[in-house]
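Please look through the model below with the following notes beside it. They go from the sheet to the helices, then to the core and a few single residues.

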Amino acid sequence: MSGRPAVFLDRDGTLIEDPGYLSDAGRMRLLPGAADAVARLNRAALPVVVVTNQSGIARGLVTEQQYLATERRLDELLQPHAAHVDAHYFCPHHPDVTGPCDCRKPALLLYNRAADRFGIDPAASWWIGDRLRDVLPAEALGGRGILVLSGAGTEDAASAQARQIQIAPDLPAAVDSVLTRRP
Ligand SMILES: [Mg+2]
Ligand SMILES: [Zn+2]
């Protein structure tokens with residue numbers, strides 16, 4: 001497949017603090033260094049695509065309107081750092097509540113949608129997140145995954161290690177790795 005590389009980022013526990021089912025945009029807090037890390041990806045002309053599982057919507061804990069307000073809030077928090085995400089994608093489902101879907105990570109639908117929209121080559125791209133499911137798509141699509149130890153990352157570190165998936169302390173360190181491994 002042709003196209004350009006991109007960076008697929010998990011949101012909760014990777015870019016922002018994860019309070020669990022964030023319904024109040026006013027409570028959103030960026031993780032340390034996260035905005036500057038995104039700005040560095042922006043300057044490197046790598047599309048930054050946020051893909052997030054939001055099962056709180058299926059569970060009735062977060063309305064879709066509230067979720068969309070958190071998307072806008074994230075954009076606002078990034079803006080003073082000259083950072084932006086190129087697109088937000090979310091899965092509102094949970095298999096126990098809404099049945100199986102093709103969009104909940106590690107499923108590939110949202111990544112494939114972003115790849116089509118931005119002309120991305122998944123095999124040349126990066127997946128960064130604090131859960132194994134955030135980085136498994138890299139195995140499926142041929143890109144590279146980096147598990148970060150922020151958020152819930154320590155819980156999945158052993159399984160990531162067993163699968164030879166790279167581990168970084170946090171998003172800024174993961175971005176260092178992305179940028180140094182580019183030609
Ligand atoms: Mg997460
Ligand atoms: Zn879904």
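**Notes on the fold**

1. The sheet is open and made of 6 strands, ordered β3-β2-β1-β4-β5-β6, with parallel pairing. Because β3 and β6 (166-168) are the edge strands, each with a single partner, one side of each has no neighbour in the sheet. On average, neighbouring strands are turned by 25° against each other, direction ignored. Two strands are said to pair if DSSP finds at least two bridges between them. Axes here are lines fitted to C-alpha atoms, for helices over the stretch in contact, and angles run from 0 to 180 degrees between N-to-C directions.

2. This is a predicted model, in which local features need pLDDT of at least 70, side-chain atom pairs count only at pLDDT 80 or more, and totals for chains, interfaces and linings use all residues. Residues are numbered from 1 along each chain as its sequence is written, while chains are lettered from A and ligands numbered from 1 in the order in which they are written.

3. The chain contains 8 helices and 6 strands. Their order from the N terminus is β-α-β-α-α-β-α-α-β-α-β-α-β-α. Helices (H or I, at least four residues) and strands (E, at least two) are DSSP runs, numbered from the N terminus.

4. For 183 residues, a compact globule would have a radius of gyration near 16 Å, and the 15 Å of this chain agrees with that. The radius is taken over C-alpha atoms, and the globule rule is 2.2 Å times the number of residues to the power 0.38. Along the principal axes, the C-alpha atoms fill a box of roughly 45 × 35 × 35 Å.

5. Of the 183 residues, 43% are buried. A residue is buried if 20 or more other C-beta atoms lie within 10 Å of its own, exposed if 12 or fewer, and partly exposed in between, with C-beta atoms placed from the backbone. Among contacts with a separation of 6 or more, 62% join residues 24 or more positions apart. Two residues are in contact if their C-beta atoms, placed from the backbone, lie within 7 Å.

6. L9 stands opposite I128 in β4.

7. Which residues of helix α1 (residues 34-43) are buried? They are A34, A35, A37, V38 and L41. These buried residues fall within an arc of 160° seen down the axis of α1, so they line one face of the helix. The arc is that of the directions from the helix axis to the C-beta atoms.

8. Helix α5 (residues 109-118) has L110, Y111, A114 and A115 as its buried residues. They lie within an arc of 140° seen down the axis of α5, so they line one face of the helix. Their cover includes β1, β2, β3 (87-91) and α6 (132-141). The helix lies across β1, β2 and β3 and runs at about 155° to β3. Just after α5 comes G119, with a positive phi of about 65°.

9. The largest nonpolar core has 49 residues, of which V7, F8, V38, V48, I128, V135 and L171 touch the most other members. Such a core is a set of buried Ala, Val, Leu, Ile, Met, Phe, Trp, Tyr and Cys residues joined through C-beta atoms within 7 Å. Leaving out residues up to four places away in sequence, L171 touches residues including L15, A34, I128 and V148.

10. Some loop residues are buried. I165, in the loop between α7 (153-162) and β6, counts as buried because 20 C-beta neighbours lie inside 10 Å. L22, in the loop between β1 and α1, counts as buried with 23 C-beta neighbours inside 10 Å.

11. Check a few backbone details. K105 and P106 are joined by a cis peptide bond, with omega about 15°. A45 is not a glycine, yet its phi is positive, about 60°. A45 has 8 C-beta neighbours inside 10 Å and so counts as exposed. A82, another residue other than glycine, has a positive phi near 55°.
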